[in-house]
Amino acid sequence: ASYSKCFIVDIDNVGSMQIQSTRLALRGTAEVLMGKNTMMRKCIREFVEENPDTPIAQLEDCCRGNVGFVFTNGDLGAVREILESNVRPAPAR
């Protein structure tokens with residue numbers, strides 16, 4: 001699928017059930033992509049080589065730590081509301 005808009009989300013201290021419920025809430029409006037940072041950087045780099053001068057090149061620097069991408073063609077405000085509604089405070093350690 002082809003998407004025109006993207007969110008970068010920080011997923012430090014986020015449980016798998018929370019990620020799954022977020023994916024479920026976004027189903028049909030957005031797609032959540034997470035993976036190994038080195039693999040995501042490699043894919044972005046290869047895409048930029050095939051498509052020079054693309055703004056996608058800026059995403060390579062964002063692949064640090066626990067991050068995920070949320071791609072959508074819909075309204076960014078609506079997707080952001082769904083993402084923020086699934087935010088929970090981290091438990092005390």
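Biologist: Which residues of helix α1 (residues 16–26) are buried?

Modeller: This is a predicted model, where local features need pLDDT of at least 70, side-chain atom pairs count only at pLDDT 80 or more, and totals for chains, interfaces and linings use all residues. Residues are numbered from 1 along each chain as its sequence is written, and side-chain values use heavy atoms, leaving out hydrogens and water. Helices (H or I, at least four residues) and strands (E, at least two) are DSSP runs, numbered from the N terminus; buried means under 20% relative accessible area, exposed over 50%, partly exposed in between (1.4 Å probe, protein chains only). In α1 the buried residues are Q18, I19, T22 and L26.

Biologist: Within what arc do the buried residues of α1 fall?

Modeller: The arc is that of the directions from the helix axis to the C-beta atoms. On the other side of α1, S16, M17 and L24 are exposed. The buried residues line one face of the helix, because seen down its axis they fall within an arc of 100 degrees.

Biologist: Which elements do the buried residues of α1 pack against?

Modeller: Contact means heavy atoms within 4.5 Å. The buried residues of α1 pack against β2, β3 and α3.

Biologist: What kind of pair do the rings of Y3 and F71 form?

Modeller: Rings of Phe, Tyr and Trp (its six-membered ring) pair if their centres lie within 6.5 Å; planes under 30 degrees apart count as stacked, over 60 as edge-to-face and the rest as tilted. By this rule there are two aromatic pairs. For Y3 and F71 the centres are 6.2 Å apart and the planes at 25 degrees, so the pair is stacked.
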